[in-house]
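Subject: Structure handover

Dear colleague,

Please find below the structure that I promised to pass on. My notes on what was found in it follow directly after.

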Amino acid sequence: MKIPLKLGQDGTQSTTAAAAAAVLRDVEAVKAGDWNAKNSLAQAFQPLLKSLAEKRAHDDVAKLNRYLDAGKEGLFKAAKKFRPKSAGDNFQIFALNFIEQGMDRVDR
């Protein structure tokens, strides 16, 4: 028996798959300049951004805010450049490099 990927037992999309689909919708909307999509994308990535910024800031609140802002800018740059070639392309992995590059520029 084949089990459909990313589907719950009742045939509905799992929450993980739904979240990934929402991120991809937001990415496409960011490319079109939608500010609500930018806000939604930033909220979806907030735990990752905060974690990366806290590791770099070492309890310096001013630096933490600069890292968060730079990470968001990197996230939005990744959204503009993301071009999925297949259904397996993962925006989260693609965006991580842009986020870290943005945070690296804060130290320069």
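Axes here are lines fitted to C-alpha atoms, for helices over the stretch in contact, and angles run from 0 to 180 degrees between N-to-C directions. Helices are DSSP runs (H or I, at least four residues; strands are E, at least two), numbered from the N terminus.

This is a predicted model, in which local features need pLDDT of at least 70 and side-chain atom pairs count only at pLDDT 80 or more, while totals for chains, interfaces and linings use all residues. Residues are numbered from 1 along each chain as its sequence is written, and side-chain values use heavy atoms, with hydrogens and water left out.

On confidence, the chain has a mean pLDDT (the predictor's confidence in each residue, from 0 to 100) of 85, and 84% of its residues reach 70 or more.

Now to the packing. Helix 3 (residues 46-57) and helix 5 (residues 91-106) pack at an angle of about 35°, their axes being 11 Å apart. The contact joins Leu-48, Leu-49, Leu-52, Ala-53 and Arg-56 of helix 3 to Leu-96, Ile-99, Glu-100, Met-103 and Asp-104 of helix 5. By class, this contact has seven nonpolar, no polar and three charged residues (Ala, Val, Leu, Ile, Met, Phe, Trp, Tyr, Cys and Pro count as nonpolar, Asp, Glu, Lys and Arg as charged, and the others, Gly among them, as polar).

The axes of helix 1 and helix 4 come within 8 Å and cross at roughly 90°, so the two helices are roughly perpendicular to each other (65 to 115 degrees; under 35 counts as roughly parallel, over 145 as roughly antiparallel and the rest as oblique). Here Val-27, Val-30 and Lys-31 of helix 1 meet Phe-76, Ala-79 and Lys-80 of helix 4, and the residues of this contact divide into four nonpolar, no polar and two charged.

Lys-31 also meets Glu-28 in a salt bridge through their side chains (3.3 Å, N to O); the term requires a side-chain nitrogen of Lys or Arg within 4 Å of a carboxyl oxygen of Asp or Glu. Both residues lie in helix 1, three residues apart, about one turn of the helix, and the structure holds two salt bridges.

Methods
Contact means heavy atoms within 4.5 Å.
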